[in-house]
Amino acid sequence: MTDADHRSKGFGKQLFQYLVDWAEDKGCEKVALSSGVQRDQAHRFYEDHVEMDRASYVYTLDLS
């Protein structure tokens with residue numbers, strides 16, 4: 001998570017672009033990530049600023 005004082009300065013988009021460039025250089029066909037449901041701002045970033053598609057929901061069940 002990025003400190004509030006450093007958000008909205010383009011660092012996340014730059015870091016994400018580095019990841020995409022690295023993955024393409026390695027011959028990867030897809031970049032995927034998992035993000036907690038409570039992270040609304042992160043989800044908006046993924047969908048609006050780096051144009052990721054929401055592909056699924058992840059469900060968990062704690063057994064302990």
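**Reading the helices and their contacts**

Reply: Helix H1 is followed by Gly27, whose phi is positive, near 85 degrees; helices (H or I, at least four residues) and strands (E, at least two) are DSSP runs, numbered from the N terminus. The model is predicted, so local features need pLDDT of at least 70 and side-chain atom pairs count only at pLDDT 80 or more, while totals for chains, interfaces and linings use all residues. Residues are numbered from 1 along each chain as its sequence is written, and side-chain values use heavy atoms, with hydrogens and water left out.

Me: Which residues of H1 are buried?

Reply: Buried means under 20% relative accessible area, exposed over 50%, and partly exposed in between (1.4 Å probe, protein chains only). In H1, the buried residues are Phe16, Val20 and Ala23. They lie on the same side of H1, because they cover an arc of only 65 degrees around the axis, the arc being that of the directions from the helix axis to the C-beta atoms. The face turned away from this buried side carries the exposed residues Gln14, Leu15, Tyr18 and Asp25.

Me: Which residues are buried in H2?

Reply: In H2 (residues 40–49), these are Ala42, His43 and Tyr46. Their arc around the axis covers only 100 degrees, which puts them on the same side of H2. Exposed Gln41 and Asp48 are carried on the face turned away from the buried side. Just after H2, Glu51 takes a positive phi of about 55 degrees.

Me: Which residues make up the largest nonpolar core?

Reply: A nonpolar core is a set of buried Ala, Val, Leu, Ile, Met, Phe, Trp, Tyr and Cys residues joined through side-chain atoms within 4.5 Å. The largest one here has six residues: Phe16, Val20, Ala42, Tyr46, Val50 and Met52. H1 (11–25) and H2 each supply at least two residues of this core.

Me: How is an aromatic pair described?

Reply: Such a pair of rings is described by the distance of the centres and the angle of the planes. Rings of Phe, Tyr and Trp (its six-membered ring) pair if their centres lie within 6.5 Å; planes under 30 degrees apart count as stacked, over 60 as edge-to-face and the rest as tilted. The count here is one aromatic pair. Phe45 and Tyr46 form this edge-to-face pair, at 5.9 Å centre to centre and 65 degrees between the planes.

Me: Which side chains meet in a salt bridge?

Reply: Side chains of opposite charge can pair when their charged atoms come close. A salt bridge is a side-chain nitrogen of Lys or Arg within 4 Å of a carboxyl oxygen of Asp or Glu. Glu47 and Arg54 meet in this way (2.9 Å, N to O).
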